[in-house]
Amino acid sequence: MGDDAEAAEGGGCCRFVWQVLRGRWFMISATFFVMCGAGSTYLFGVFSKDIKVRLGYDQSTLNLLASVKDLGSMFGVPAGLIAEIMPTWAVLLVGAVLNFSGYFVIWLAVVGKIPKPAVWQMCLYICLGANSQNFTNTGGIVTCIKNFPEGRGQMMGLMKGFVGLSGALFTQIYYALYGDDSASMILLVAWLPSALALAFSSTVRPVKSSTHPRELIVFVQYICVAIALAVFLMALMIAQKQFQFSPTGYSASAAAVCAILLLLVGIAVREELLTRREEKKRQNQNQSELLARREEKKRQNQNQAVQLEPPRTLLMVKDSADRDSSDLLKEIKEEMSKEKEIKVETSCCSCTDIRNKPNRGEDYTILQAISTDMILLLATMSCALGCNLTTFNNLGQIGESLGYNKNTIGTTVSLASIWVFFGRVFTGFLAESHLKKKFPRTLFLTIFLLVSACGNLMIVFPFPNSLYIASLVAGFSQGAQLTLAFTIISELYGLKYYNTLYNCGQCSAPLGSYILSVLVVGKLYDKEAMKQLKEKGMTRSMTKELTCIGTQCYKMSYLVLAATNVFAALMSLILVFRTRKFYTGDIYKRYRDEMEKNEKKKEKEKEMEVAVAVFPPAITD
């Protein structure tokens with residue numbers, strides 16, 4: 001008896017472990033881990049100097065590599081199209097292969113393991129490595145949005161938040177494993193994201209959406225862990241700027257970061273344990289109800305059999321009870337069979353019914369999504385992201401021109417990614433909670449565009465410590481705008497082809513970044529620097545690089561950026577008026593109906609299992 005009890009207990013533990021690994025909550029935690037490796041492009045500034053020095057490149061060549069890297073990271077349409085026809089694990093596998101292939105060859109070239117590649121070859125390698133994050137984002141973020149359609153705002157904010165923290169996370173792991181060898185950062189970027197994607201490729205998958213009474217509570221727990229991680233990383237970055245850490249100190253810091261990340265697994269295990277207890281309770285209740293129904297029918301049959309002859313009575317009762325068991329099972333099977341529907345699949349790029357577009361919120365094909373709403377949204381994001389990316393690219397030079405010391409500039413640049421994280425996470429929860437009050441998500445986008453314009457004016461009219469506030473506003477606004485834009489696309493055009501629509505949404509960023517960063521800010525900065533050079537009686541050939549000092553260096557260019565953000569806010573406001581009727585309705589009703597349908601089907605399956613266990617004679621029918 002003791003051995004049987006131990007075996008049963010061991011089998012129960014194995015079943016619970018399997019339940020955790022295949023559960024929807026561990027799926028989210030696993031996706032968070034994958035997202036922690038999806039921001040490798042943020043680390044280009046760490047190892048770019050090694051590429052420049054060891055391969056003998058000049059600054060223009062390095063800028064070319066940086067531009068190709070940005071282009072690769074933003075061009076995600078191929079990843080979206082592949083995700084429409086391939087399973088999630090295959091999308092993550094492609095991303096892992098691209099990431100390792102690109103960055104590993106770059107590392108081999110930098111450390112001299114292979115001959116120096118041509119510039120076009122280096123462009124190809126870094127483009128492949130950067131493009132891999134589109135496959136990771138598509139496989140992870142889009143899958144989770146589809147799994148939790150009613151919590152898509154929170155989910156988008158959390159997923160994008162962990163992507164934003166990936167640079168700081170990698171930095172801590174890099175210091176712990178490789179010390180101060182910056183070339184080894186390329187090796188870390190090559191193998192760690194690929195390993196994470198491969199390790200969780202079977203865990204990150206579509207699951208049937210269903211209601212959960214504690215869903216919001218679980219999301220809040222996840223955000224608490226994410227905020228704790230962000231605050232801890234922020235404290236570490238500030239401390240590492242002020243003090244010299246020993247190798248043991250770096251190892252302890254990395255271990256603490258990993259310990260915080262493991263809390264995500266703890267949340268998943270706890271929720272699955274609660275779910276298991278509730279299912280056992282519900283199963284016992286269903287079993288009792290089925291037994292009561294059977295006993296009631298047996299009593300009715302016995303009462304009817306009293307009038308019959310004694311030799312036939314027992315046979316009649318037994319035969320009636322067996323028929324009753326079979327009838328119950330057949331009844332459950334018939335109810336389950338009624339759920340079947342005939343679905344007509346259409347291609348994501350189908351040319352049929354392009355003009356006959358569905359209503360907002362329904363599933364659009366790619367060509368159907370080409371509309372006034374999409375053009376307004378893409379134009380808005382091109383302006384908004386272009387302004388914020390320009391600020392990030394020039395943050396160091398802005399600090400230098402305004403007279404800040406190197407330590408302050410370094411701390412400000414390091415903290416920018418933390419502000420992006422807070423913008424993504426905070427906006428995801430704020431907009432989702434106000435959506436129930438019929439406050440349109442598009443109006444939040446307009447508000448943050450105006451906030452971003454105010455941040456630009458802090459550079460035009462600087463005051464003490466304005467650089468800190470301007471970087472905070474730029475980072476927070478960029479995080480908020482990204483989260484809002486991608487969520488709006490999912491709401492207006494549905495989730496069926498969201499793999500491709502999601503990646504189309506970010507294609508507008510490179511155009512705005514190039515125009516504003518190179519043609520506006522870069523040109524005006526160089527013009528002002530040349531003006532100062534002439535005032536000193538010097539020519540361009542007499543100095544290695546152009547440097548401008550003073551508030552006038554970025555005054556005109558950031559007035560242009562502020563005006564661009566205001567123009568983007570006006571376009572966004574047009575979108576607010578066009579979609580106001582849509583957001584006053586119940587935009588998640590169709591998803592709730594689908595979840596209720598899945599729940600009923602699941603209940604019927606559970607009831608079928610209980611019925612088979614309770615009525616074994618009927619199994620042979």
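## Helices H8 and H17

In this predicted model, helix H8 crosses helix H17 in a right-handed sense. H8 covers residues 152-178 and H17 covers residues 466-493. Their axes come within 10 Å and cross at roughly 140°. Angles over 145 degrees would count as roughly antiparallel, so at this angle H8 is oblique to H17.

On the H8 side, the contact is made by Arg-152, Gly-153, Met-156, Gly-157 and Lys-160. H17 contributes Thr-483, Phe-486, Thr-487, Ser-490 and Glu-491. By class, the residues of this contact are two nonpolar, five polar and three charged. Met-156 and Phe-486 are the nonpolar ones, because Met and Phe count as nonpolar. Arg-152, Lys-160 and Glu-491 are charged, because Arg, Lys and Glu belong to that class.

## Helices H7 and H18

Two packed helices are described by the angle between their axes and the distance between the axes. For helix H7 (residues 119-147) and helix H18 (residues 498-505), the angle is about 125° and the axes are 10 Å apart. H7 is therefore oblique to H18. The crossing of H7 past H18 is right-handed.

Which residues make the contact between H7 and H18? From H7 come Asn-134, Asn-137, Thr-138, Ile-141, Val-142, Ile-145 and Lys-146. From H18 come Tyr-498, Asn-499, Tyr-502 and Asn-503. The residues of this contact divide into five nonpolar, five polar and one charged. Lys-146 is the charged residue, because Lys counts as charged.

## Ser-40 in a loop

Ser-40 lies in the loop between helix H2 (24-35) and helix H3 (44-54). Is Ser-40 buried or exposed? Its relative accessibility is 3%, so Ser-40 counts as buried; the cut-off for buried is under 20%.

Leaving aside residues up to four places away in sequence, Ser-40 touches Asn-99, Tyr-103, Gln-133 and Val-189.

## The protein as a whole

How many helices and strands does the protein have? There are 21 helices and zero strands. Of the 621 residues in the protein, 51% are buried.

Among the contacts in the protein with a separation of 6 or more, 83% are between residues 24 or more positions apart. The protein has an accessible surface of about 29400 Å². Carbon and sulfur atoms account for 62% of that surface.

Technical notes: Residues numbered from 1 in each chain as written. Predicted model: local features only at pLDDT ≥ 70, side-chain atom pairs only at ≥ 80, totals over all residues. Heavy atoms only, no water. Helix = DSSP H or I, 4+ residues; strand = E, 2+ residues; numbered from the N terminus. Buried < 20%, exposed > 50% of the residue type's maximum accessible area, 1.4 Å probe, protein only. Contact = heavy atoms within 4.5 Å. Areas by Shrake-Rupley, 256 points an atom, 1.4 Å probe, with all protein chains shown as cover. Axes fitted to C-alpha atoms, helices over the stretch in contact; angles between N-to-C directions. Parallel < 35°, antiparallel > 145°, perpendicular 65-115°, else oblique. Left-handed = near helix turned anticlockwise from the far one by under 90°.
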